[in-house]
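Welcome! Please take a look at the sequence and the model below, and then we can walk through them together.

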Amino acid sequence: MIAAVQTAPEVFEQTFLLVRAKILEVAATLDRLDRAEAAESVRSDPRFGQIRQGLEILLSDGFHRAAQIQEIFSDQYDPTWMKKYLSTGERPALSPSVPH
Amino acid sequence: MYYIDPHIHMVSRVTDDYERIARMGCVAVSEPAFWAGFDRGSVDGFRDYFRQLTEFEPKRAGWSGIQHYTWLCINAKEAENVELSREVIKMIPEFISKPGVLGIGEIGLNKNTKNESIIFQEHVQLAMQLDELILIHTPHLQDKLKGTRMIIDMLMSDRRVQPERVLIDHVEEHTVGLAKEEGFWCAMTLYPITKCTPSRAADIIEAYGDDRIMVNSAGDWGPSNPIAVPDFIQELRKRGHPESKIKKIVYDNPLEFFRQCRRFEFTPPDTLADNAALVVSQKV
Ligand SMILES: [Zn+2]
């Protein structure tokens with residue numbers, strides 16, 4: 001791992017206004033949703049739930065918040081997928097069209 | 001600083017973009033075969049595309065002093081059509097030995113379907129038979145994590161695959177660890193909104209180190225920025241990272257990966273400048 005070259009106060013100084021602006025953008029967008037007609041239907045959209053979960057992660061500690069938020073917005077992985085998709089379950093059968 | 005853009009779709013860009021990236025310090029590009037925004041109807045459509053990638057684009061890049069490399073395949077989106085995909089795979093050997101071809105790519109998954117997986121494995125099969133490098137496209141957004149795991153499952157189940165000869169592209173915070181842990185090369189794509197920003201890419205470098213990783217612009221027909229790599233360079237500079245570290249990511253690393261291709265020939269920019277000066281002096 002390459003440590004961040006800058007100290008935390010330096011990073012904070014450079015990014016404070018940027019973070020402030022991004023939070024405001026999210027806040028204004030959520031306000032716009034609530035102001036619009038049929039706001040309740042959006043609240044039951046699973047993607048709205050993902051956004052709520054993402055916001056909760058922002059309030060947690062640690063340095064894997066970005067990865068955790070990415071995972072919230074990700075489809076479920078099925079470890080047995082190969083057996084279902086690929087007849088051999090492991091290696092593909094040689095394609096007749098590929099020169100051997 | 002000289003840099004290499006290891007993943008940029010120049011067929012979708014105008015000649016002015018070659019000129020702009022050259023002025024920003026780009027000395028070489030590698031262009032994977034991809035989806036052109038519409039599904040092609042026949043294998044001949046791909047034959048023309050491969051000719052464009054191997055014959056015309058190197059020439060056009062050369063007008064701006066840029067060295068052009070390419071990768072051949074049928075992309076994951078069109079791979080849903082298994083019959084057409086097999087015809088294209090069968091045609092690849094006609095083009096694979098042309099100068100500038102680095103291997104098979106960008107193969108991968110798009111919607112993580114059965115057909116895409118079948119064609120992915122047939123491409124890997126071809127790469128193993130021809131002893132070629134592989135460049136992999138991972139899906140976007142909600143499909144990325146699942147698709148990256150599926151791709152790694154398929155690669156790891158084939159004992160012939162050497163991870164150091166495979167580049168997994170478009171990694172982000174939740175997939176970079178998966179690729180690096182297994183010994184694959186990886187790349188981050190700087191793409192507005194749907195992929196990585198220069199600052200997030202810099203964060204990933206700080207968290208995961210600068211070995212076996214590179215950055216690219218993807219520069220394609222979608223909303224993208226062909227000079228995104230210089231933005232990343234600037235971000236690392238602003239954070240105080242040394243020039244040698246930055247150069248490793250944007251120049252040395254792509255070269256180290258590409259040099260594994262037996263056909264790879266590269267003229268370092270300093271030599272190019274000397275040669276150009278020579279040509280000028282001879283003309284005078
Ligand atoms: Zn691409």
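Leaving aside neighbours within four places in sequence, which residues is B:Val250 in contact with? They are B:Met1, B:Tyr2, B:Tyr3, B:Ile4, B:Val215, B:Val229, B:Phe232 and B:Ile233, where contact means heavy atoms within 4.5 Å.

Before going further, a word on how to read this. This is a predicted model, in which local features need pLDDT of at least 70 and side-chain atom pairs count only at pLDDT 80 or more, while totals for chains, interfaces and linings use all residues; side-chain values use heavy atoms, with hydrogens and water left out. Residues are numbered from 1 along each chain as its sequence is written, and chains are lettered from A and ligands numbered from 1 in the order in which they are written.

The predictor's confidence in each residue, pLDDT, runs from 0 to 100. Chain B averages 95, and 95% of the residues score at least 70. For the complex, the predictor gives an ipTM of 0.89 and a pTM of 0.92.

**The zinc ion and its surroundings**

B:His7 (NE2), B:His9 (NE2) and B:Glu106 (OE) coordinate the zinc ion at 2.0 to 2.1 Å. Donors here are N, O and S atoms within 2.8 Å of the metal (3.2 Å for Na, K and Ca), and sites may look incomplete because water is not among the atoms. Along the chain, the donors follow the spacing H-x1-H-x96-E.

B:His170 lies in the loop between strand 6 (166–168) and helix 6 (176–181) of chain B. Among the residues that B:His170 touches are B:His7 and B:Glu106.

| Residue | Relative accessible area |
|---|---|
| B:His7 | 1% |
| B:His9 | 1% |
| B:His170 | 3% |

**Where the chains meet**

In chain B, 41 residues are in contact with 30 residues of chain A.

Conventions
Helix = DSSP H or I, 4+ residues; strand = E, 2+ residues; numbered from the N terminus. Buried < 20%, exposed > 50% of the residue type's maximum accessible area, 1.4 Å probe, protein only.
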